[in-house]
Amino acid sequence: MAIRVYNTLTRQKEELKSDGERIGIYVCGVTPYSETHLGHARPSVVWDVIKKYLRYRGYQTYHVQNFTDIDDKIINRSQETGIDALELAAHYAQDYLESMDALGVERADIYPKVSEHIPEIIAMIETLVERGHAYAVSGNVFYDVTSFPEYGKLSNQKLDQLQAGTRFEVDPDKKHPMDFALWKKAKPDEPAWDSPWGRGRPGWHIECSAMSNKYLGPEFEFHGGGCDLIFPHHENEIAQSEAATGRPLAKYWLHNGMLNLKHEKMSKSQGNFITVKDVAAKYPKELIRFYILSSHYRSELEYHDQKLEEVGRGWQRFNDCVNGLAKLIDEPQGEIGKLSGDEAVLLDAVRTAEAKFIEAMNDDFNTAMAIGVLFELLHQVNSYIAKGNNSLEANYVLHEAYQLFSKLAGDILGIIRPDEVQISGLTQPLMELLLELRTELRSQKQYQLADYIRDELAKLNIVIEDTPNGPRWKIRS
RNA sequence: GGCGGCAUAGCCAAGUGGUAAGGCAGAGCUCUGCAAAAGCUCCAUUCCCCAGUUCGAAUCUGGGUGCCGCCUCCA
């Protein structure tokens, strides 16, 4: 079954078709001038999952994500703080990478920076000037929006309907108020580079056209980013790239919804944001991902302080089951014949769950539904375990269930937090020894001592549970 | 003024023509030395409002209402 994605450009779901074996992905990154906040985490986590899912489905991916390290905001901040603009940008770019690491987001294949691609940018502007899509006026170069008849096709805007200049002054050198800068003439004390039009720096938008072209070619599959970038940023990218190359830029434009704080968009300039590092210091990264992925990527998502606590209870139950499975099962061995009864039913449930997971993800990466599917399997696994089977066949099907959870919830969604202490080879046998001792004490009704063991372990964040199938332990996360 | 999106139980959240997934919270029960976990059962005749299309609509159309985003930097 094919993957279908909602394409902002056509405003409908389309089947994913790829000419090559590699899927090119360009996701608009950040302008690094202050701390990375939770709003930035959303596209990052979403694209992390999309990439991992695509690979699971047999595609190869190549992911490019830019840092716009030359920009008005950075320059302003630099002048306020006295820190060199590029140094400041490098610092916050590093903050971004560290924040994404803290969320378990796999790195992009490359993170190109504007400051390292000035020649490519100048070359593209020259092409646009040559082709009559741009004009230079006293050190500035503007894009001529009237030269591109399709201008507005992504955001569904008509040039004469846009309200240019209502909240900022239109440069009198512009031929049309919606024309935008490709190259900005340098003001004193600003980072600047030599160009055919004099010293200056790139305008916003052109860097993405130049860098996507360099690393992914004129046409590629996915272009992503927040829905707040549709206009003007992505609209202008299309105008630039397509006018320069004569070819359609990206096949599929995917835009994620905003993450809100107190019903308003989390944003740096508004000051209403919460940093990724603050949240990651308080909550497991797998839980933060679970929260982000529990709604569809195009929906708005509300954040408040209680949110992760609420969501965390379901997440904990999910993790308990998967980590419990890890301790319960052994490597399957011996011949497993045709299964029957409960084992056959559970194995069928495992297979069905994988098919339904794929169906959900194929439908515009519906992670919310995919998680629902996993919870249904969780329920069936827990029911089965509650019956207390421990045959060779039972071990086999539970192992299959565990493998599936590891692959889908662990590898792809990244919402499983493994009990790390287990990694130590000594821990498991020691815990078993301790639990055996405690079981013996309980059978002799020495409850005080048995409870002492449980209480003391609790202080070490190790939880003991006496189930009908015997005692069980886990790490409290 | 223009463009786009959203409105589903106490809360979160799927569901684009066939009769409401899943999670949290809540109630009862089972298991149990206690605790915890888990299991079982229950929990929206109904999807913001009104009108229409249809044998049939949460899903399509028209009109309201409310909220959010974009048209300025923004993931």
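# A protein chain and its RNA strand

An open sheet of four strands runs in the order β4-β3-β9-β10, with parallel pairing. This is a predicted model: local features need pLDDT of at least 70, side-chain atom pairs count only at pLDDT 80 or more, and totals for chains, interfaces and linings use all residues. Residues are numbered from 1 along each chain as its sequence is written, chains are lettered from A and ligands numbered from 1 in the order in which they are written, and side-chain values use heavy atoms, with hydrogens and water left out.

Some terms come first. Helices (H or I, at least four residues) and strands (E, at least two) are DSSP runs, numbered from the N terminus. Two strands pair if DSSP finds at least two bridges between them. Strands of a sheet pair through backbone hydrogen bonds, either parallel or antiparallel.

Axes here are lines fitted to C-alpha atoms, for helices over the stretch in contact, and angles run from 0 to 180 degrees between N-to-C directions. β9 and β10 pair in the parallel sense over six bridges. Phe220 stands opposite Ala250 in β10.

Helices pack on this sheet. α1 touches β3 (22-27), β4, β9 and β10. The direction of α1 makes about 180° with that of β3. Contact means heavy atoms within 4.5 Å. Helix α5 (residues 206-216) also packs on the sheet, touching β3, β4 and β9. Its direction makes about 160° with that of β3.

α1 has a helix partner too. The axes of α1 and helix α12 (residues 392-412) come within 9 Å and cross at roughly 145°. From α1, the contact is made by Val49, Lys52, Tyr53 and Tyr56. From α12, Lys407, Leu408, Asp411 and Ile412 take part. The residues of this contact divide into five nonpolar, no polar and three charged. In this scheme Ala, Val, Leu, Ile, Met, Phe, Trp, Tyr, Cys and Pro count as nonpolar, Asp, Glu, Lys and Arg as charged, and the others, Gly among them, as polar.

Now step back to the whole chain. Chain A is divided into domain 1 (4-125 + 208-303), domain 2 (313-418) and domain 3 (420-477). These bounds come from an automatic or database domain assignment. The centres of domain 1 and domain 3, taken over C-alpha atoms, are separated by 46 Å.

Other strands pair elsewhere. Strand β6 (residues 140-143) and strand β7 (residues 180-185) are antiparallel, over three bridges. Tyr143 has Phe180 in β7 as its bridge partner. β7 is also joined by three bridges to strand β8 (residues 200-202), and the two run antiparallel. There, Lys185 has Gly200 in β8 as its bridge partner.

A further open sheet has three strands, in the order β12-β11-β13, with mixed pairing. β12 and β13 (301-303) stand at the edges with a single partner strand each, so one side of each is left without a neighbour in the sheet. β11 and β12 run antiparallel and are joined by two bridges. Leu261 stands opposite Glu264 in β12. The loop between β11 (259-261) and β12 (264-265) holds His263. His263 has a positive phi of about 65° although it is not a glycine.

Another backbone detail lies at Pro232. A cis peptide bond joins Phe231 and Pro232, with omega about 5°. Pro232 is found in helix α6 (residues 230-245).

A residue is near the strand if one of its heavy atoms lies within 4 Å of it. Of the 62 residues around RNA strand B, Trp204, Gly226, Leu229, Lys265 and Arg454 come nearest. Sugar and phosphate account for 63% of the atoms of RNA strand B that come within 4 Å of the protein.

A polar side-chain atom of Lys265 lies 2.4 Å from a phosphate oxygen of RNA strand B. For His296, a backbone N or O atom lies 2.7 Å from a phosphate oxygen. Arg454 places a polar side-chain atom 2.5 Å from a base oxygen.

Note on methods: A polar contact is a pair of N or O atoms within 3.5 Å; within protein, one must be able to donate a hydrogen and the other to accept it, and residues adjacent in sequence count only if both atoms are side-chain atoms.
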